[in-house]
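Please take the sequence and the coordinates together and follow the paragraphs below from the overall fold to single residues.

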Amino acid sequence: MKRLYLDWNATAPVLPQVRDAVMKALEAVPGNASSVHREGQSARAVVERTRRSVAKAVGAPAQAVVFTGGATESNNQVLRHHVRTNAKPFVVCTAVEHPSVLEVVEDLAKEGVKTAVWPVDRKGRLDMEWLEKRLDEGVTLVSAMWANNETGTIFDVASIVDAVHEAGALLHVDATQAVGRMEFDFQACGADYMTLSFHKMGGPKGVGATVVREGLKVGAIMSGGHQERGRRPGTENVPALAGLDAAAKAVVDHGEMWIEALKRRKAAFLEELTRIEGVEFRGDQAQQLPNTVNAAFDGVDGEDLLMALDLEGVSASSGSACTAGSLEPSHVILAMGYEEKRARESVRFSFGPSTPVEELARGAQKIAQVVKRLRRIDADWR
Amino acid sequence: MKGQNTRTDSGAQGACAVAGPVTTLEDDDAIAGAVKDRVVVAMSGGVDSSVTAAILARQGYDAVGISMRLYSTPQESYSKSCCSPDDLFDARAVADTLEIPFYVANYEEEFQKRVISYFVEEYRRGRTPNPCVACNDHLKFDILLERSLALGAKFLATGHFARIDRSGEEPKLLRGVDENKDQSYFLFGLPREALSRIMFPLGAMEKEEVREVARSLDLETAEKPESQEICFVGGGDYKEFVAELLSERETTPGQIVTTEGEVLGEHDGIHQFTIGQRRGLGISYHQALYVKAIRPEDGTVVVGSRDDLLSRGLVAERCNWLSFDRPAGPLECEVKIRYGSHAVPALVTVGDDAHTAFVEFEEPQRAVTPGQAAVFYRGDEVLGGGWIEEPRK
């Protein structure tokens, strides 16, 4: 059965040029980037070349880019570093952040740090007035994602930056879901810290970056090496960085085209999905990533739908899996004010520029059939 | 339903033989119709359900494994009870070896409501619950079966040692071939219409054969020990488990008295007692004492000699009949009053609505226990069963 992969917000198929770059580095670059010899020098060259490509892709100076083991690590690094270096830290994050922000903030609160969680409305939008009020109470760092992984809702980073800076606080933006799906520029946006990963659009997993505004610092959260100018210990993952280089170059070369391709795909997909009775689209339709659709089908449990779709060859996602692998309702949808049962109905479909547009339309028809079957069996059985 | 199903799970096929053509059930669904004989296998991470999945996959069914997550165990704790994350990992590993899809379904809420709450409530009332039957009735063969059908499956398969005979007009539930492992007792409460949607591939096998199949296929669970305890209680004491969930005002303390009315002592809650219990009464007496009756009204626990435990019959409520809508008249059959004892000859008559059964044993039986199941057999066939309400003198 030909499968239709609609879970790009979890991770994406690796781009061919990324795969080639990783393979080439595995074969041809044996050295440790910290070594003096020629092998070390060529490894170092890969690391620094990648730094320049990533910087260019997101509009940052090369020296602002610190490589890490992924977005989760970068988020931890920024928040932990801030608290460690601030005399009276007060950290705010939005209620719909990724767990790698939200749970760090929860941990900080347990450790006695002043924190607050910025609520969202039914469409997942932020209330600026809430923030203004908190900023007056001495907030020192705000962490807000550029685009939400589950609903695709895009936050107005420009307005947030203005408010945060006016109050003398710092802004951290997690741009993981934005890469390759919307245009953005680190320096132009004015954020102080940014988290990056490229694996949602075809880059390698297990490598990411923290971007730091000029004049600010970010320190290591682990000990044991002076790599990345003492900001991230551990031998550089040269093959993954070579892949990241290729991914960053692809964003520069094809980014605009990708965004147009995604818009066409989303329109085609939505056109079919809209026909399904009792469908509700969640998130802010006016400000949403062009690759993400969060839909709920009245009376159909998301877990049931995911399993049934998987068996029909369509991969989607819903909520987050626990250790055992069963699904919890999405904290994002819950934060938007849906009660648990309704939150469990949410299913996320996310695609990429290489997802065939006609497959998307066919996938939507399959979704319609499965939804119909689930509703019928439910009615028969009760 | 269209078509007579001619296949019998109890057929003489070897464990891994390829099945003959299976008559499929009517299905008007375009998607499900395109997939031949999908079977959902309830996989617990134990050897029985692992082999169930293996057999069906080998027979060419489109097997899909599902583990039910029934309760949370703290992530850090390392436990060997059923449904722990470790068991789910084992189930996943087996599904991976068999190259079948595998999912975890979250039924915590239902399990809490239908099994754990019931379990605690029965003890609180001085009765002895049977959570495995409740789990089969309300979880496996209700919501999991429904979900299986929703996934386009024709059948739900489990690793129970029981058989379904499909040779007649209506499917019949039979005992498993392995006398020591037969689990048909736990299945008396299945909705009758569910029988046509269920498979028990292990029913024709001996336990040792099951392990051999697991070893021959190199399944991760081949040498896994049997689970003996009530899964959600873990290795601990069920009395402690119940006591923890009962608030003080929910417990019923009272006196321990002999059948003659002699007060021997006091206890702090009837939930700690089971009919027939001898150990842990906290009383020294010149002869062995057994719990004969528990009176929830005033908390009295009546103790007596072993022979005081004998009853001539019992009353069962909430009966479920699998072989017919209701018995046509007085029913001569065998009745099994607990999992661990043999079925004994009895005469069963039913009340007007067939929900109540009056059972008269041919020979008096010991320790008829309210809350346990009374299951009616004729030979290997499970006719039906009910929940023991009280013994009859």
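This is a predicted model: local features need pLDDT of at least 70, side-chain atom pairs count only at pLDDT 80 or more; totals for chains, interfaces and linings use all residues.

How many residues of domain 1 of chain A are in contact with residues of domain 2 of chain A? The answer is that 26 residues of domain 1 of chain A are in contact with 25 residues of domain 2 of chain A, where two residues are in contact if their C-beta atoms, placed from the backbone, lie within 7 Å. On the domain 1 side, the elements that give two or more residues are helix 9 (238–273), strand 10 (292–297) and helix 11 (331–335) of chain A, and helix 9 of chain A gives the most, with four residues. Helices (H or I, at least four residues) and strands (E, at least two) are DSSP runs, numbered from the N terminus. By class, this side of domain 1 of chain A has eleven nonpolar, twelve polar and three charged residues; Ala, Val, Leu, Ile, Met, Phe, Trp, Tyr, Cys and Pro count as nonpolar, Asp, Glu, Lys and Arg as charged, and the others, Gly among them, as polar.

Residues are numbered from 1 along each chain as its sequence is written, and chains are lettered from A and ligands numbered from 1 in the order in which they are written.

The two domains of chain A are domain 1 (4–12 + 255–381) and domain 2 (16–251), with bounds that come from an automatic or database domain assignment. Their centres, taken over C-alpha atoms, are separated by 27 Å. Chain A has 13 helices and 14 strands, and the radius of gyration of chain A is 21 Å, close to the 21 Å that the globule rule gives for 382 residues, so chain A is as compact as a globular protein of that length. The radius of gyration is taken over C-alpha atoms, and the globule rule is 2.2 Å times the number of residues to the power 0.38. Along its principal axes the C-alpha trace of chain A spans about 70 × 55 × 40 Å. Of the contacts in chain A with a separation of 6 or more, 72% are accounted for by residues 24 or more positions apart.

Burial comes next. Of the 382 residues of chain A, 52% count as buried; a residue is buried if 20 or more other C-beta atoms lie within 10 Å of its own, exposed if 12 or fewer, and partly exposed in between, with C-beta atoms placed from the backbone. In soluble globular proteins, nonpolar side chains tend to be buried together. Here the largest nonpolar core has 224 residues, and those with the most contacts inside it are Val211(A), Leu305(A), Val39(B), Val41(B) and Ala53(B). Such a core is a set of buried Ala, Val, Leu, Ile, Met, Phe, Trp, Tyr and Cys residues joined through C-beta atoms within 7 Å. Helix 9 of chain A contributes the largest share of this core, twelve residues. Leaving aside residues up to four places away in sequence, Val41(B) touches several residues, including Ala53(B), Leu56(B) and Ala157(B).

Strand 5 (residues 141–145) of chain A is mostly covered, since five of its five residues are buried. In a regular strand the side chains alternate between the two faces of the sheet. In strand 5 of chain A, Leu141(A), Ser143(A) and Met145(A) point one way and Val142(A) and Ala144(A) the other way. Three bridges join strand 3 (residues 90–94) of chain A to strand 5 of chain A, and these two run parallel, with Cys93(A) opposite Ser143(A); strands pair if DSSP finds at least two bridges between them. Five bridges join strand 5 of chain A to strand 6 (residues 170–174) of chain A, also in parallel, and there the bridge partner of Leu141(A) is Leu170(A).

In chain B, strand 12 (residues 310–321) pairs with strand 15 in the antiparallel sense over six bridges, and with strand 17 (residues 381–392) in the antiparallel sense over seven bridges.

Most residues other than glycine have a negative phi. Phi of Glu228(A), however, is near 50°; Glu228(A) lies in helix 8 (residues 227–230) of chain A and is buried, because 20 other C-beta atoms lie within 10 Å.
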